[in-house]
Amino acid sequence: MELTIASALSAEGLLGHAAYVLLVLSMLMRTLLWLRLLVIASALLGISYAVFILGDPVSTFWETCLVVVNIGQLLITHWRSLRARFSDDEAHFIARHLPGLTRGEARALIDRGRWVALEDGACLAVEGEPVERLSYVAEGAAEVRVGGRAVSACGAGDFVGEMTVLTGLPATATVVATAQTVVWQVEAPVLRDLTRRRDDLSRELEAAFARNYRDKIVAMNRRAVAGLGG
Ligand SMILES: Nc1ncnc2c1ncn2[C@@H]1O[C@@H]2COP(=O)(O)O[C@H]2[C@H]1O
């Protein structure tokens, strides 16, 4: 096929363009699923173009590789999601804070941390010192102290350390368990590394932290009103 304006605008030429349009669109996708689906669609059009218009076996081979690799990756993701199992605490954690992750992704994240049972009095963060790990409180309660005075509390469903864990800045408060408390914890360097490499995970966690700030402010406001006798 000759490279002229007329040939580019012909039905055959448009087929070739459509393959590239889909490839460019795939680069704009924010989730890996849609990126892969569009790459597969682009490669299928590319194969049709290479086979029926160009008769080019080399392009056909490489476009086929793209389809096979992306379908393989989608199947692996699907299989991991099917295989993933969660305890009740983990299921609540995911429903509340990680709704945008696939089951497989959520399992992989939770497996990077560990579940810990803390005694009453255990320290989760020290004001002015970088937090060593992010904690998610599944059961129990903790007191938040600033300058040695209790200012707030964290309970089931709250994070501790979310304000500084990703930046390494000093913790804004000291947090101490006030009952037997079950937490999921992930070490700060592990979380920083994961969020640096995975934009989608970083966005998911930032959104979860933002929702938890809101919940904490609402709870603090209620406590302030109750303290004023309202
Ligand atoms: N007013 C508050 N209410 C609930 N939790 C808080 C409050 N202030 C600080 N925290 C928690 O205490 C943690 C101390 O470490 P970070 O600053 O990383 O993150 C902080 C929050 O998780």
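I started from the UniProt record, whose positions are given in the numbering used here, with feature names shortened and annotations that may be inferred rather than shown by experiment. For "domain: Cyclic nucleotide-binding" the record, an unreviewed entry, lists residues 97–212.

Before going further I noted that this is a predicted model, in which local features need pLDDT of at least 70 and side-chain atom pairs count only at pLDDT 80 or more, while totals for chains, interfaces and linings use all residues. Residues are numbered from 1 along each chain as its sequence is written, and side-chain values use heavy atoms, with hydrogens and water left out.

**The annotated stretch.** Over residues 97–212 I found 30% helix and 35% strand, with the end C-alpha atoms 9 Å apart; helices (H or I, at least four residues) and strands (E, at least two) are DSSP runs, numbered from the N terminus.

A polar side-chain atom of T164 lies 2.5 Å from a ligand oxygen, a side-chain N or O atom of T172 lies 2.7 Å from an oxygen atom of the ligand, and for M163 a polar backbone atom is 3.5 Å from a ligand oxygen. The ligand taken alone exposes 450 Å², of which the protein buries 94%, with accessible areas from the Shrake-Rupley method and a 1.4 Å probe.

**Helix α6.** In α6 (residues 103–112) I listed G104, A106, R107, L109 and I110 as buried, that is, under 20% relative accessible area (1.4 Å probe, protein chains only). These buried residues pack against several elements, including α4 (57–83), β1 (114–118) and α8, where contact means heavy atoms within 4.5 Å.

**T195.** A polar atom of its side chain lies 2.9 Å from the backbone oxygen of L191, and, not counting residues up to four places away in sequence, T195 touches L166, S202 and L205.

Key:
Polar contact = N/O pair within 3.5 Å; in protein donor to acceptor, adjacent residues only side chain to side chain. Buried < 20%, exposed > 50% of the residue type's maximum accessible area, 1.4 Å probe, protein only.
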